[in-house]
Amino acid sequence: QVHLVESGGGVVQPGGSLRLSCATSREIFSINTMGWYRQPPGKQRELVAYISTNDTTDYADFVKGRFTISRDNARNTMYLQMNNLKPEDTAVYSCNGAVVRGIPIGYWGQGTQVTVSS
């Protein structure tokens, strides 16, 4: 059974920071491009960023310069460092274990809520 476990969400004030983590199995982590997606309230799920096994990254325009995606091969964990958070970043953030050209085709984690509010 494939598991992706996210953590690190919470409530933060505008301008604050959070770091999300997505831990999975070595089998998934070592061969797949992985990605972060989010679903704001009442909206469709959207791509945030993805990272390949050789650390090539791509970001949605609305997070460029604020968010950084990374992966730790020793821990089989992907991260999303989110800085200068804005209220419009409020969403459920989920990781996907296989991404092809930005399209999520793998298993999903359970999601973690990020709320940016003063």
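Trp36 stands opposite Cys95 in strand 9, strands being DSSP runs of E with at least two residues, as helices are runs of H or I with at least four, both numbered from the N terminus. Strand 4 and strand 9 run antiparallel and are joined by five bridges, where two strands are taken to pair if DSSP finds at least two bridges between them. The structure is a predicted model, in which local features need pLDDT of at least 70 and side-chain atom pairs count only at pLDDT 80 or more, whereas totals for chains, interfaces and linings use all residues. Residues are numbered from 1 along each chain as its sequence is written, and side-chain values use heavy atoms, with hydrogens and water left out.

Strand 4 also pairs with strand 5 in the antiparallel sense, over five bridges, and within this pairing Met34 has Ile51 of strand 5 as its bridge partner. The hairpin formed by strand 4 and strand 5 has six residues between the strands, and Gly42 takes a positive phi near 75° in this hairpin. Strand 4 is mostly covered, with five of its six residues buried; here buried means under 20% relative accessible area, exposed means over 50%, and partly exposed lies in between, as computed with a 1.4 Å probe on protein chains only.

Cys95, the residue opposite Trp36, is joined to Cys22 by a disulfide with an S to S distance of 2.1 Å, a disulfide being a pair of cysteine sulfur atoms within 2.5 Å. This pair links distant parts of the chain, since Cys22 lies in strand 3 (residues 18-24) and Cys95 in strand 9, 73 residues apart. The torsion about the S-S bond of Cys22 and Cys95 is about 65°, and the disulfide is therefore right-handed. Cys22 has a relative accessible area of 0% and is thus buried, and Cys95 likewise counts as buried at 0% relative accessibility. The structure holds one disulfide.

An open sheet of four strands has the order 1-3-8-7, with antiparallel pairing. Strand 1 (4-7) and strand 7 stand at the edges of this sheet, and because each has a single partner strand, one side of each is left without a neighbour in the sheet. Neighbouring strands of the sheet are turned by 15° against each other on average, direction ignored, where the axes are lines fitted to C-alpha atoms (for helices over the stretch in contact) and angles run from 0 to 180 degrees between N-to-C directions. Strand 7 and strand 8 pair in the antiparallel sense over six bridges, and Met78 in strand 8 is the bridge partner of Arg71.

The loop between strand 7 (67-72) and strand 8 (77-82) contains Asn76, whose phi is near 50°, a positive value in a residue other than glycine. Asn76 counts as buried because its relative accessibility is 17%. A positive phi, near 70°, is also found for Asp55, again a residue other than glycine, which is placed in the loop between strand 5 (46-51) and strand 6 (57-59). Asp55 counts as partly exposed because its relative accessibility is 48%.

Side chains of opposite charge can pair when their charged atoms come close. With a salt bridge defined as a side-chain nitrogen of Lys or Arg within 4 Å of a carboxyl oxygen of Asp or Glu, the count comes to five salt bridges. One of them is formed by the side chains of Asp89 and Arg38, with an N to O distance of 2.9 Å, and this pair links distant parts of the chain, Asp89 lying in the loop between strand 8 and strand 9 (91-96) and Arg38 in strand 4 (residues 34-39), 51 residues apart. Asp89 is buried, with a relative accessible area of 1%, and Arg38 is buried as well, with a relative accessible area of 5%. Arg38 and Asp89 belong, together with Glu46 and Arg66, to a network linked by salt bridges.

The side chains of Lys64 and Asp61 meet in a salt bridge at 3.2 Å, N to O, in which Lys64 counts as partly exposed at 46% relative accessibility, while Asp61 counts as exposed at 63%. Arg75 forms a salt bridge with Asp72, the closest N and O atoms being 3.0 Å apart, and Arg75 is exposed, with a relative accessible area of 57%.
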